[in-house]
Amino acid sequence: MKKAIILLNMGGARSAEELKEFLYNMFKDKRIINSPIRHFLAPLISNLRYKKVWENYESIGGSRIYDLTEKLCGNMKKYTASDVIYAMRYTKPKLKDVINNYDEVTLLPLYPHYSYTTYESSLDELKEINFKGKINIVKPFFEDNRFNEIIKENILNSVDNPSEWHLIFSAHGLPKKMIEKGDKYQSHIEKHVNILKNILPEFKSINLAYQSRFGFAEWLKPYLHEELEKFKNEKVLIYPISFMIDNSETDLELKVEYKHLADEIGIQEYKVVECPNESEKVAKFLVELVDESDSSKS
């Protein structure tokens, strides 16, 4: 029996052409735009936007998501006899390209919280694959104490004196209509923030905001740019709570674009905490999570 743990994530852009592919596949995803208009919008938006957007990506050298995920796979391999590989939803390698090399797979979506647009979208590809082997799927893990201790350590290693800082948990935004349709994402995020509040020492304040929105619909609030305006002449620490791996949303949007806004507002000091990424502790935790998930199925 050839076994693998397959990490699932959205993907990222290391070149202009890869960014074009990412945008096309994302806007074609029914979980993102649940209307036949997506078949018109996907090629239109990807062709019109990718060159301009790539100029911004170039400033950070492209997305780190591939390098970090490959390192994470390597570190996880130290703790398991299974192969550890990855598949991306919107860029290569796709799940259909790697899954049929194995008799048994455990799919590990690298999303701590459930959402139609991330966790469920990553699993949609299974329906298009004629895989005959055994499949196990790891559930969202934001409530796991081991995971939250990793987050706590990352946050506390970022500042010397927490009581001088306002901590903002920044989650990726989601249209409000998704929540009204039953998406659990907002409730998971809010529950996660409350868990972390209970294990962290005293910050000047602990807050939740949402980043990364587009279009004209109302998205989850408060918006991060509005939350930052409250903290002129203060120190602000951002933790990207909805990401496991650093990518353009953290390296470009949070560290560059929102840093520019923070400077304009007059924030005294602005820092962004690294995601859990590829550390040994993260790797060991994820393998334990897989093992526990496999055991529960047997």
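1. The count comes to 1 cavity of 30 Å³ or more. A cavity is, on a 1 Å grid over the protein atoms alone, a set of points where a 1.4 Å probe fits but cannot get out. The largest cavity has a volume of about 40 Å³, a volume being the space filled by probe spheres set on the points, with grid points joined across faces, edges and corners.

2. This is a predicted model, in which local features need pLDDT of at least 70 and side-chain atom pairs count only at pLDDT 80 or more, while totals for chains, interfaces and linings use all residues. Residues are numbered from 1 along each chain as its sequence is written, and side-chain values use heavy atoms, with hydrogens and water left out.

3. Which residues line the largest cavity? They are Leu8, Asn9, Ala87, Met88, Arg89, Leu95, Ser122 and Glu125, where a lining residue has an atom within 4 Å of a point. By class, this lining has 4 nonpolar, 2 polar and 2 charged residues; Ala, Val, Leu, Ile, Met, Phe, Trp, Tyr, Cys and Pro count as nonpolar, Asp, Glu, Lys and Arg as charged, and the others, Gly among them, as polar. Strands β1 and β2 each supply at least two of the lining residues. Helices (H or I, at least four residues) and strands (E, at least two) are DSSP runs, numbered from the N terminus.

4. The second largest pocket holds about 330 Å³ of space. A pocket is an open set with protein on both sides within 12 Å along at least five of seven lines. Its lining has 14 residues, of which Asn25, Lys28, Asp29, Arg89 and Glu128 are the closest to its centre. Charged residues account for 11 of the lining, beside 2 polar and 1 nonpolar. Helices α1 (16-28) and α2 (38-58) each contribute at least two residues.

5. The sheet is open, with 4 strands in the order β2-β1-β3-β4 and parallel pairing; strands pair if DSSP finds at least two bridges between them. Its edge strands, β2 (83-88) and β4 (134-137), each pair on one side only. Strand β3 (residues 104-109) is joined to β4 by 4 bridges, and Thr106 stands opposite Asn136 in β4.

6. Helix α3 (residues 65-77) lies across β1 (3-9), β2 and β3, at about 155° to β2. Axes are lines fitted to C-alpha atoms, for helices over the stretch in contact (heavy atoms within 4.5 Å), and angles run from 0 to 180 degrees between N-to-C directions.
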